[in-house]
Amino acid sequence: MVVSLPVPTHASSDVLSQAVKSSDSTFKVLYFGLHGRGELIRALLAFAGAKWEELTADWPAQKSHTPFGVLPVVYETTSDGTVLELAESQAIERYLSNKFHLYGKNEYEHHKVEQYFTSIDTVWLAFRPKVIDAAPENRVEEANKFYDETISKIAAIHEEHLKKNGSNGHYVGDSFTLADLKTAVFVDRILLLRPAGAKEAPFSAEKTPNIWKVYETVNSHPSYAAWKESQRYQELSAGTKGIFKF
Ligand SMILES: N[C@@H](CCC(=O)N[C@@H](CS)C(=O)NCC(=O)O)C(=O)O
């Protein structure tokens, strides 16, 4: 028998548009036992101090019960009991950022957040096939190449943008945004998935001081720091290393 999932509320868009204003929602995250595409979603919920929990995936039995047959899926229950089903990782990340005021203060800031977010995402998407999926005997060489040829170039560009923003630990203005969290999560992923024997990680206080400052600023946020120290976070790190055999 399939482990049942929350049932989304079917209502008119007028009704849903009222429900969605809820500032006291609870969230259920359905994903696998690794960081993966759930990492930034969990990070946003933890950072915002939201009330959230994880649902255990019963896969592939639940596949046909999800909007696109893939995870993550998030269920938001608003204060009036309406259940909103959220799918596609980036759509969820943007939705949550907007809800938690982590998406910039105006249209232009919103665009800036998006450009940094997308820039980092492009590098992350390349890391997977080039390094994670490399044959085990080539992984160290591919990681070194990726650090030198891809990360160092994009990191230098981000360093300049961050300098222009005042080297204050934020990408946009002086507030936390999705861009800060995206980079912090990306740095963690690169540090976690560094093959044994590869050269030093391409991010550090010395090599990339402005990116590192963003990383430390996000990491020192109390509710996010508590999440990173949690046992569940450690389990997800172990799950991530395990699944990719690092
Ligand atoms: N575009 C989707 C991709 C989701 C995706 O590929 N999820 C994988 C895990 S990372 C999945 O559900 N795999 C199981 C399956 O395809 O049955 C998103 O960003 O959410």
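This is a predicted model: local features need pLDDT of at least 70, side-chain atom pairs count only at pLDDT 80 or more; totals for chains, interfaces and linings use all residues.
Counting ring pairs with centres within 6.5 Å gives eleven aromatic pairs. Take Phe-27 and Phe-100 to begin with: their ring centres sit 5.9 Å apart and the planes meet at 75 degrees, which is over the 60 degrees needed, so this pair goes down as edge-to-face. The two residues come from distant parts of the chain, 73 residues apart. Phe-27 belongs to strand 1 (residues 26–31), while Phe-100 is found in the loop that runs between helix 3 (89–99) and helix 4 (107–132).

Trp-52 and Trp-227 make another edge-to-face pair, since their planes are at 70 degrees, with 5.1 Å between the ring centres. Here strand 2 (residues 51–56) supplies Trp-52 and helix 8 (residues 222–229) supplies Trp-227, so the contact ties together parts of the chain that lie 175 residues apart in sequence. Trp-227 is buried, with a relative accessible area of 11%, whereas Trp-52 comes out as partly exposed at 22%.

Elsewhere, Tyr-31, Phe-32 and Trp-59 come together as one aromatic cluster.

Rings also turn up next to charges. The charged end of Lys-182 sits over the Phe-117 ring, 4.7 Å from the ring centre. Arg-189 does likewise with Trp-124: its charged end sits over that ring, 4.0 Å from the centre.

Conventions. Residues are numbered from 1 along each chain as its sequence is written. Side-chain values use heavy atoms; hydrogens and water are left out. Rings of Phe, Tyr and Trp (its six-membered ring) pair if their centres lie within 6.5 Å; planes under 30 degrees apart count as stacked, over 60 as edge-to-face and the rest as tilted. Helices (H or I, at least four residues) and strands (E, at least two) are DSSP runs, numbered from the N terminus. Buried means under 20% relative accessible area, exposed over 50%, partly exposed in between (1.4 Å probe, protein chains only). A charge sits over a ring if NZ of Lys or CZ of Arg is within 6 Å of the ring centre and within 35 degrees of the ring normal.
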